[in-house]
Amino acid sequence: MKLAKLALIGFPYDENSSYLRGAAQAPPVIRQAFRCESANLWSETGVDFGASALHDAGDVTMQTGAAALTQIETAVADLLAQGYNPISLGGDHAVTYPILKAFARQYPRLSILHFDAHPDIYDEFQGNRFSHACPFARIMEEGLVERLVQVGIRTATRHQREQVERFGVEMIEIKDWRDDWPLDFDTPVYISFDLDGLDPAFAPGVAHREPGGLSTRQAINAIQSLSVPIVGADLVEFNPPQDVGGLTAMVCAKLLKEIAAKMLVNEWQ
Ligand code: MN
Ligand code: MN
C-alpha cells in the first residue's frame with residue numbers, strides 16, 4: 001500500500017473577501033481544534049494522526065495584492081516539489097486559484113471536487129477578478145483541471161449559470177442532491193471545501209450564512225465515497241469571529257482528519 005506524505009500549510013489571508021473579513025484568523029484556530037483533547041486523533045476510517053506523520057509547514061506570512069497570490073502558489077509548489085500532498089488551511093476562497101496553478105504543473109490530469117453554497121465563478125465581483133467569488137472562473141479559463149464538480153450549490157445567479165455552461169462545469173445544485181449521488185472520477189482529485197457549503201446550523205462560523213446546506217455527515221460520506229487518489233485539499237472560508245462556541249472550528253478539524261485519512265492511501269481503489 002502506497003502512503004502519501006501529507007503537509008499542512010496555512011494561509012492567513014482574507015484580502016479578497018467581499019463581505020466580512022475574518023477568514024485570515026482561521027489557520028491557528030483549526031490547528032488548535034485538531035489537537036483539542038476533547039477528541040482523539042483517529043479518523044473514522046482507522047488512521048491515527050497522533051502517530052502518523054502530518055508534516056506542518058506552518059503559516060505563510062502574507063503580503064498583499066498580486067504578491068500574496070504568488071506567495072501562495074510558490075508555497076504550494078515548494079511542498080509538491082518536496083513530494084508532499086498539501087492540505088491548505090485558508091483564508092478565503094481566493095487562495096484556491098494560485099494553489100491550483102501549482103497543482104496543474106504537477107498533475108496534468110486533475111479534477112476538482114468543490115463543496116460550496118456558491119459557484120464562485122463570477123467573471124469579476126465588485127471590480128475584483130481575484131475576489132473569493134471568482135477563483136473557479138480563473139481556474140477554468142486557464143484550463144487548469146479536466147473537470148470541476150460542485151456540490152452544495154444554492155445561490156447560482158443567471159451570470160454564474162452562464163459561466164457554468166461556458167466552462168462545462170458540473171454544478172450539482174443542492175436542490176437536486178441525493179445521498180447516493182455517484183461521485184465518479186477517472187483522474188486524481190483535489191478537494192476544495194468552503195465551509196459555507198454546509199448548512200449554517202452545522203457550521204455557523206462563515207461570512208455568508210446560506211440556509212439549506214449539507215449536513216456535516218453528508219459531506220463526510222461524500223468524501224469517504226471517493227475511490228480515486230485525493231492529491232490535495234483546502235479548507236476555506238472558516239471565519240472564527242462568526243463562530244458560535246467553537247462549533248465550526250471542530251467541524252474544520254473533523255473534515256481535516258477525514259480528508260487527510262482519505263488522502264493518505266494514495267492509490268486507485
Ligand atoms: Mn467559496
Ligand atoms: Mn461559499
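Helices here are DSSP runs of H or I with at least four residues, strands are runs of E with at least two, and both are numbered from the N terminus. This is a predicted model, where local features need pLDDT of at least 70, side-chain atom pairs count only at pLDDT 80 or more, and totals for chains, interfaces and linings use all residues. Residues are numbered from 1 along each chain as its sequence is written, chains are lettered from A and ligands numbered from 1 in the order in which they are written, and side-chain values use heavy atoms, with hydrogens and water left out.

**View 1. Asp14 in its loop.** Look for Asp14 in the loop that runs between β1 (5–10) and α1 (26–34). Asp14 counts as buried because its relative accessibility is 9% (buried is under 20% relative accessible area, exposed over 50%, partly exposed in between, with a 1.4 Å probe and protein chains only). Setting aside neighbours within four places in sequence, Asp14 touches Arg21, Gly22, Ala23, Ala24 and Asp92 (a contact means heavy atoms within 4.5 Å). The side chains of Asp14 and Arg21 are joined by a polar contact of 2.8 Å (a pair of N or O atoms within 3.5 Å; within protein, one must be able to donate a hydrogen and the other to accept it, and residues adjacent in sequence count only if both atoms are side-chain atoms). Gly91 sits 77 residues away along the chain, yet its C-alpha atom is 5.4 Å from that of Asp14.

**View 2. The manganese ion (ligand 2) and its donors.** Asp116 (OD), His118 (ND1), Asp194 (OD), Asp196 (OD) and Asp196 (OD) coordinate this ion at 2.1 to 2.4 Å (donors are N, O and S atoms within 2.8 Å of the metal, or 3.2 Å for Na, K and Ca; water is not among the atoms, so sites may look incomplete). Along the sequence, the donor residues follow the spacing D-x1-H-x75-D-x1-D. The manganese ion (ligand 1) lies 3.3 Å from the manganese ion (ligand 2), and Asp116 coordinates both. Asp116 is in the loop between β4 (111–115) and α4 (135–141) and Asp194 is in strand β7 (residues 189–194), so the pair ties together parts 78 residues apart in sequence. Asp116 is buried at 0% relative accessibility, and Asp194 is buried too, at 1%.

**View 3. What lines the largest cavity?** Here the lining is Leu69, Ala94, Tyr97, Pro98, Phe130, Ser131, Cys134, Pro135 and Arg138. Two elements, α3 (96–106) and α4, each give two or more residues to that lining.

Definitions and conventions:
1 Å grid on protein atoms, 1.4 Å probe; cavity = no way out; pocket = protein on both sides within 12 Å on 5 of 7 lines; lining within 4 Å.
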